[in-house]
Each structure stands twice: as structure tokens, then as C-alpha cells.
Amino acid sequence: MKKALVVLIIICSNWTFGQAQKGSEAVEKFQKELNEEYASPEKSPLLKEDLAVFKSLDFFPYNPNLQIEARFVRTPNEKVFEMKTSTTRKPLYIKFGEAHFTIDGKALVLNIYQNIELSKKKEYVDYLFLPFSDLTCGKESYIGGRYIDLKIPTSDTILIDFNTAYNPYCAYNHKYSCPIVPLENDLPIAINAGVKKFHD
């Protein structure tokens, strides 16, 4: 139960950071707020020794071409499933929809998920979860992939801003239980945007 609460705190604390809005100012705000959280002794996932010397997370340069207006396809007949995590915990999720888009002429699809427990909370009823991995994983970015927070769209498009991709807390501290990126969300391209890996 304790681990489940920790993960809900992770999701909720990152909720304000992941709301995709176009433009460099939105990305600067995302980076500023994320750094403030990680610098806070009360909120930071960092180990004590890392927090003591923390200055800033490392980000890829802002890339407006990776603010993607994707075609959103709702998938209403999906079944609830247990998502694998970095521990034995298996939270319930459902595939909520698909994002179809193109980067550098390559057609791509990412599955978007909804956390069942979180969806029961009034303030997060429209929260969606987008985990992904790409060719930067294990090199420039965290080997386990990254996350993006989204809201349920009101139309057939959804804005995915890879500049707001952030690492799971497991990238900083082994005590956390983090969802593992599903294989179907492994992109065959490099996403040079968002948060980079923390340690070499």
C-alpha cells in the first residue's frame, strides 16, 4: 500500500508539469517547476547525497518540431490490465486511445493509458499517461524510458510535447515503484527532447 501511495504522489506531483501547451515559454515553465520540485527536501525523489549537490536537471535543448499535434483515436473496448512495474506492484490501467503522428516522414503510433485508481479521483478524472522509450534510452536519456502527462482531449487531436518528457522517479532512487514502458511504445527513432538521464 505504501508503494502505491508513493506512485500516486509521483503522478500527482508531475500532473501540473505535463499539460502540453505550445511554445518555448510553456517548456521553460515546465523545466523551472520540475527543478523546484527536485530541489525541495520535502518533494524531491533524489537520494540525500544527490540532493545535497543538486543544481538542475539536464534537459535536451527546446525543440519546437517535437511539439506534435497527433491524431487521437479513442479505443473504447479495451480491457483493464495489470501494468508491469520496477517492483512486484501491478497497478491497473486501461488503454484509453492511440496517438498517430509523423516525425521526419516516419509514421508512428503511441498508446495512451489511463490509471484506474487515479481516474476515480475528481481532480484527476481526465488524466492520461503516456510512457515511451526511444533510441536515446541508455545513451542520452534514462534507459527505462520516460513519461508524458496528458489530459483527455475534447477533439480528435492531442498535443504531445516531447519537450515535457520526464524520467520516472526510479531513475533517481531505487525505492520507488515505477511503471515499465510497454514494448508497443518503444519508438524506433531518437527523441532529443525533454529530460536527459541523471547519472552517466
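Biologist: Which residues do ring pairs link into a cluster?

Modeller: Ring pairs join Y38, Y169, Y172, Y176 and F198 into a cluster. This is a predicted model, where local features need pLDDT of at least 70, side-chain atom pairs count only at pLDDT 80 or more, and totals for chains, interfaces and linings use all residues. Residues are numbered from 1 along each chain as its sequence is written, and side-chain values use heavy atoms, with hydrogens and water left out.

Biologist: How is a pair of aromatic rings described?

Modeller: By the distance of the centres and the angle of the planes. Rings of Phe, Tyr and Trp (its six-membered ring) pair if their centres lie within 6.5 Å; planes under 30 degrees apart count as stacked, over 60 as edge-to-face and the rest as tilted. By this rule there are twelve aromatic pairs. One of them, Y38 with Y172, is edge-to-face, at 5.0 Å centre to centre with 75 degrees between the planes.

Biologist: Where do Y38 and Y172 lie in the chain?

Modeller: Y38 is in helix α2 (residues 24-39) and Y172 in the segment after β7 (157-161), 134 residues apart. Helices (H or I, at least four residues) and strands (E, at least two) are DSSP runs, numbered from the N terminus.

Biologist: Are Y38 and Y172 buried or exposed?

Modeller: Both Y38 and Y172 are buried. Buried means under 20% relative accessible area, exposed over 50%, partly exposed in between (1.4 Å probe, protein chains only).

Biologist: Why is the pair of Y147 and Y166 edge-to-face?

Modeller: Because the planes of Y147 and Y166 stand at 90 degrees, with ring centres 5.9 Å apart. Y147 is buried, as is Y166.
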